[in-house]
Amino acid sequence: MSVLKIRPAKIYDVPALARIEMDSFVHPWSAEEITRDIVRNEKAFVAVAELDGEAVGYADMWIVAGEAQLYNIVTDPRYRGRGIGQLLLKYMTQTAARLGCNVMTLEVRRSNEPAISLYRKDGFRDTGIRRGYYTDNHEDAVLMDRDISPDDAIEGTGDLEVDVDTI
Ligand SMILES: CC(C)(COP(=O)(O)OP(=O)(O)OC[C@H]1O[C@@H](n2cnc3c(N)ncnc32)[C@H](O)[C@@H]1OP(=O)(O)O)[C@@H](O)C(=O)NCCC(=O)NCCS
């Protein structure tokens, strides 16, 4: 039986997360940027999805003035389509609720159908378009948000663990 665990990221996760970035984005975040959010940035919260001990995805949000801003969510390309992104997002909303946030916001490239579908499935609404927002190709950003209620809050140890056969 395989176990998927979602937990707060640690400094030792950085090489694996940087590899997932490289495999997933044309302009990946560097190991230094990931390290900053795990170690030094007090506003940031980074979570890792671990499948049988191997990092297979991660998410990064910043908490500012009671709002959670989701900056990144990514699943290792080899493990997509198995529910890992959905569980990571659930963990981020649970954590945002525990930290007292009442809304989560994000922006996403208009062409990124998998991500937009993931967010809509989790209850995010479209709130606007930022024209030509991305400087590399002048693509529009879709702005989305989702209410967070105290009922979303995580319980127990703060980790989320599931038998992968159930996802
Ligand atoms: C977006 C992303 C994180 C989804 O991760 P994942 O682990 O594959 O997602 P899941 O298996 O949990 O899928 C959950 C939902 O996402 C949506 N989704 C996932 N892959 C999809 C695809 N290829 N096409 C359309 N919708 C998709 C679906 O709504 C899916 O629900 P369903 O299985 O009931 O149809 C992943 O595609 C990824 O890492 N993309 C590259 C990084 C990125 O663009 N991140 C977001 C912007 S920062």
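## The sheet

Eight strands form an open sheet with mixed pairing, in the order β6-β7-β5-β4-β3-β2-β1-β8. Strands here are DSSP runs of E with at least two residues, helices are runs of H or I with at least four, and both are numbered from the N terminus. Two strands count as paired if DSSP finds at least two bridges between them. The edge strands are β6 (125-130) and β8 (160-163), and each pairs on one side only. From one strand to the next, the twist averages 20 degrees.

Helix α3 packs on this sheet. It touches β1 (3-8), β2 (44-51), β3, β4, β5 (103-109) and β8. Contact means that two C-beta atoms, placed from the backbone, lie within 7 Å. The direction of α3 makes about 35 degrees with that of β3. Such angles run from 0 to 180 degrees between N-to-C directions; the axes are lines fitted to C-alpha atoms, for helices over the stretch in contact.

## Basis of the model

This is a predicted model: local features need pLDDT of at least 70, side-chain atom pairs count only at pLDDT 80 or more, and totals for chains, interfaces and linings use all residues. Residues are numbered from 1 along each chain as its sequence is written.

## Pairing around β7

Strand β7 (residues 141-147) runs antiparallel to β6, and five bridges join the two. Ile129 stands opposite Val142 in β7. Gly128 stands opposite Leu143 in β7.

β7 also pairs with β5. Seven bridges join these strands, which again run antiparallel. Met104 has Arg146 in β7 as its bridge partner.

## Helix α1

Helix α1 covers residues 14-24, and its buried residues are Val14, Leu17 and Ile20. A residue is buried if 20 or more other C-beta atoms lie within 10 Å of its own, exposed if 12 or fewer, and partly exposed in between; C-beta atoms are placed from the backbone. An α-helix has 3.6 residues a turn, so residues three or four places apart point the same way.

The buried residues of α1 pack against α2 (31-40), β3 (54-64) and β4 (67-75). On the other side of α1, Pro15, Met22 and Asp23 are exposed.

## The ligand shell

The ligand is surrounded by 20 residues. The closest are Arg80, Gly85, Gln86, Pro114 and Leu118. A residue belongs to this group if its C-beta atom, placed from the backbone, lies within 6 Å of the molecule. The elements that give two or more residues to the shell are β4, α3 (84-98) and α4 (113-121). The largest share, six residues, comes from α4.

By class, the shell has seven nonpolar, nine polar and four charged residues. Ala, Val, Leu, Ile, Met, Phe, Trp, Tyr, Cys and Pro count as nonpolar; Asp, Glu, Lys and Arg count as charged; the others, Gly among them, count as polar.

Leu118 lies in helix α4. With 18 other C-beta atoms within 10 Å, Leu118 is partly exposed. Leaving aside residues up to four places away in sequence, Leu118 touches Gly85, Gln86 and Leu89. Leu118 and Gln86 are 32 residues apart along the chain, and their C-alpha atoms are separated by 6.7 Å.

## Positive phi in two loops

Most residues other than glycine have a negative phi. Asp52 is not a glycine, yet its phi is positive, about 45 degrees. Asp52 is in the loop between β2 and β3. Asp52 counts as exposed because it has 11 C-beta neighbours inside 10 Å.

Ala65 also has a positive phi, near 50 degrees, in a residue other than glycine. Ala65 lies in the loop between β3 and β4. With 6 C-beta neighbours inside 10 Å, Ala65 counts as exposed.

## Two further exposed sites

Val64 is found in strand β3. Val64 has 11 C-beta neighbours inside 10 Å, so it counts as exposed. Not counting residues up to four places away in sequence, Val64 touches Lys43 and Gln69. Glu54 is ten residues from Val64 along the chain, and the C-alpha atoms of the two are separated by 31 Å.

Gly100 has its place in the loop between α3 and β5. Gly100 counts as exposed, with 12 C-beta neighbours inside 10 Å.
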